[in-house]
Amino acid sequence: MIRLWVQSSQGAYPVLVDAGARRFVPGLLQELGLAGRKIALITDEIVQRTAFTDELAGAVREVGREVFVLAFPAGDAHKSLATAVELYHGLLRRGFRRGDVILAVGGGVVGDLAGFVAATYMRGVPYVQVPTTLLAHDSAIGGKVGVNLEEGKNLVGAFYPPRAVLFDTEALCTLDARQWSNGMAEVIKHAIIADEILFEQLEANPLTGLGDPAAFVDIVARAMRVKVDVVNRDERETGLRQVLNVGHTVGHAVEQYSGYTLGHGEAVAIGLVVEAVIAARRGLLSPADAVRIAAVLERHGLPIRPPYADVEAVLRLMAVDKKHTHEGWTFALPTAIGRVEICKVQPDEVRQAYEEVREGHRP
């Protein structure tokens, strides 16, 4: 098992990665001093029906005083205050108290929402992230939790670190091709940020499916280590951590405009290409590296052209991104494979790059 450590103002917490890691949950809860409490598994209705959830619930019954499952409809459209309120009521009905424990079992939506509930229910209860999708290898780390508003993604939330993150690569066996590609967008993103060797590996040998869960442990741990290293230096996103948003400023707007019919990774892939074009036009990124970014995304089954012609509507959604300041729009732009910088970008630059990519012009 690979064990990474995230440094947080509320104490360090472990990130455990292994094939079959779910079997270690009872021991982990004991190690964290969280045994003998009520345990709420918060998940979505798709993950609820999997054998993974049944096995996990069975395992934690060894150390939990009572174990129950609360599930909500799957999808980003349900990452809302209304769903959070329903979960609060579910916890209250089961007599869930301040010292009890939430396990967030699922993808990024589950982790964000369950973490938000943990941060706000009775002013905060402990929780553990148990991601079940490749996409969530990113979102489960760093303690950013929240919900969407109609105006934009993740506009209500908090920094509330989990007590641990446990990533079982065997859970990825259930992912279909589209879910896999969505997750690989975030793996590629981490390689662009700070791991040129990982990028070259994905470039030479695209990963279009899981294969052996044990063999994938090292690859996903490398991607997770990029995020861990950044979060350890900037937990509250005051500066450096914003590099993790590369591809996301455009991606979030495109994703929201689609009514969440585009997957998060698909939208991030489009965002990465558009933002690479912005960087190339500024002379920050070589045209060759911009081409490489688009090519590796495409080889992993991801879209690289925005499907929506209404660029002004996408820009309006982009304008409410929470990273922006009164001085301008804040972007994380790639400046090389393995390096990203924070820049102020003008809307006209985004408009021009978006339209170029949509029309099929290569970087």
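## Salt bridges in a predicted model

At 25% relative accessibility, Glu66 is partly exposed (buried is under 20% relative accessible area, exposed over 50%, partly exposed in between, with a 1.4 Å probe and protein chains only). This is a predicted model: local features need pLDDT of at least 70, side-chain atom pairs count only at pLDDT 80 or more, and totals for chains, interfaces and linings use all residues. Residues are numbered from 1 along each chain as its sequence is written, and side-chain values use heavy atoms, leaving out hydrogens and water.

User: How many salt bridges does the structure hold?
Analyst: Side chains of opposite charge can pair when their charged atoms come close. A salt bridge here is a side-chain nitrogen of Lys or Arg within 4 Å of a carboxyl oxygen of Asp or Glu. The structure's count is 21.

User: Which residue forms a salt bridge with Arg22?
Analyst: Arg22 is buried, at 11% relative accessible area. The closest N and O atoms of the pair are 2.9 Å apart. Arg22's partner is Glu170.

User: How many residues apart in sequence are the parts that Arg22 and Glu170 tie together?
Analyst: Arg22 lies in the loop between strand 2 and helix 1 (DSSP runs: helices are H or I, at least four residues; strands are E, at least two; both numbered from the N terminus). Glu170 lies in the loop between strand 9 and helix 7, so the pair ties together parts separated by 148 residues.

User: Is Glu266 buried or exposed?
Analyst: Glu266 meets Arg178 in a salt bridge at 2.7 Å, N to O. Glu266 sits in helix 11, Arg178 in helix 7. At 10% relative accessibility, Glu266 is buried.
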